[in-house]
Amino acid sequence: MITAVKKLTQKDKLLNHIGTYGSIDSIVAFSTYKISQFHSRMKEIKESGRGIEFNQEWDKDRGVYVYSCLLYTSPSPRDKRQSRMPSS
């Protein structure tokens, strides 16, 4: 049986990396994922409403922009439950 493998888009690759490491920079994006239009892809991700916020900072030692990222996900069922701590 042959299984079809979905080819990941550049945005998917960036989101997977961010989900794993919490940040990404243009050197990693290009050398690892061959993404040359890094800033455009990050802008697309931010505007897509996929629950991501990031800060763009210049790393003067390396000469690259680094995006520190936060991914917002839906609350887990545990988060929806009432606190088990007694109120005072």
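Predicted model: local features only at pLDDT ≥ 70, side-chain atom pairs only at ≥ 80, totals over all residues.

User: Let's begin with Arg 62. Which residue does Arg 62 form a salt bridge with?

Analyst: To call a salt bridge, look for a side-chain nitrogen of Lys or Arg within 4 Å of a carboxyl oxygen of Asp or Glu. Here the partner of Arg 62 is Asp 59, with the closest N and O atoms 3.7 Å apart. Arg 62 itself is partly exposed, at 42% relative accessibility.

User: How many salt bridges does the structure hold?

Analyst: There are four. One of them pairs Lys 11 with Glu 44, where the closest N and O atoms are 4.0 Å apart. Lys 11 sits in helix α1 and Glu 44 in helix α3, so this bridge ties together parts that are 33 residues apart in sequence. Lys 11 is partly exposed at 29% relative accessibility, and Glu 44 is partly exposed too, at 32%.

User: And what does the side chain of Arg 41 meet in a salt bridge?

Analyst: Arg 41 meets Glu 44, at 2.9 Å from N to O. These two are three residues apart in helix α3, so about one helical turn separates them. With a relative accessibility of 16%, Arg 41 counts as buried. Shared partners then join Lys 11, Arg 41 and Glu 44 into one salt-bridge network.

User: How do I read the two sides of a helix? Which residues of α3 are buried?

Analyst: Sort the residues by accessible area: under 20% is buried, over 50% is exposed. In α3 the buried ones are Phe 38, Arg 41, Met 42 and Ile 45. They cover an arc of only 100° around the axis, which puts them on the same side of α3. Lys 43 and Glu 47 are exposed on the other side of α3. Just after the helix, Gly 49 takes a positive phi of about 70°.

User: Which elements give two or more residues to the largest nonpolar core?

Analyst: That core has 13 residues, and those with the most contacts inside it include Leu 14, Phe 38, Met 42 and Tyr 67. Two or more residues come from each of α1 (10–21), α3 (38–47), β2 (52–59) and β3 (64–71).

User: What is Leu 14 in contact with, beyond its neighbours within four places in sequence?

Analyst: Its contacts are Ile 24, Ala 29, Ile 35, Phe 38, Arg 41, Met 42 and Ile 45.

Terms used
Residues numbered from 1 in each chain as written. Heavy atoms only, no water. Core = buried A, V, L, I, M, F, W, Y, C linked by side-chain atoms within 4.5 Å. Buried < 20%, exposed > 50% of the residue type's maximum accessible area, 1.4 Å probe, protein only. Helix = DSSP H or I, 4+ residues; strand = E, 2+ residues; numbered from the N terminus. Contact = heavy atoms within 4.5 Å. Arc of directions from axis to C-beta.
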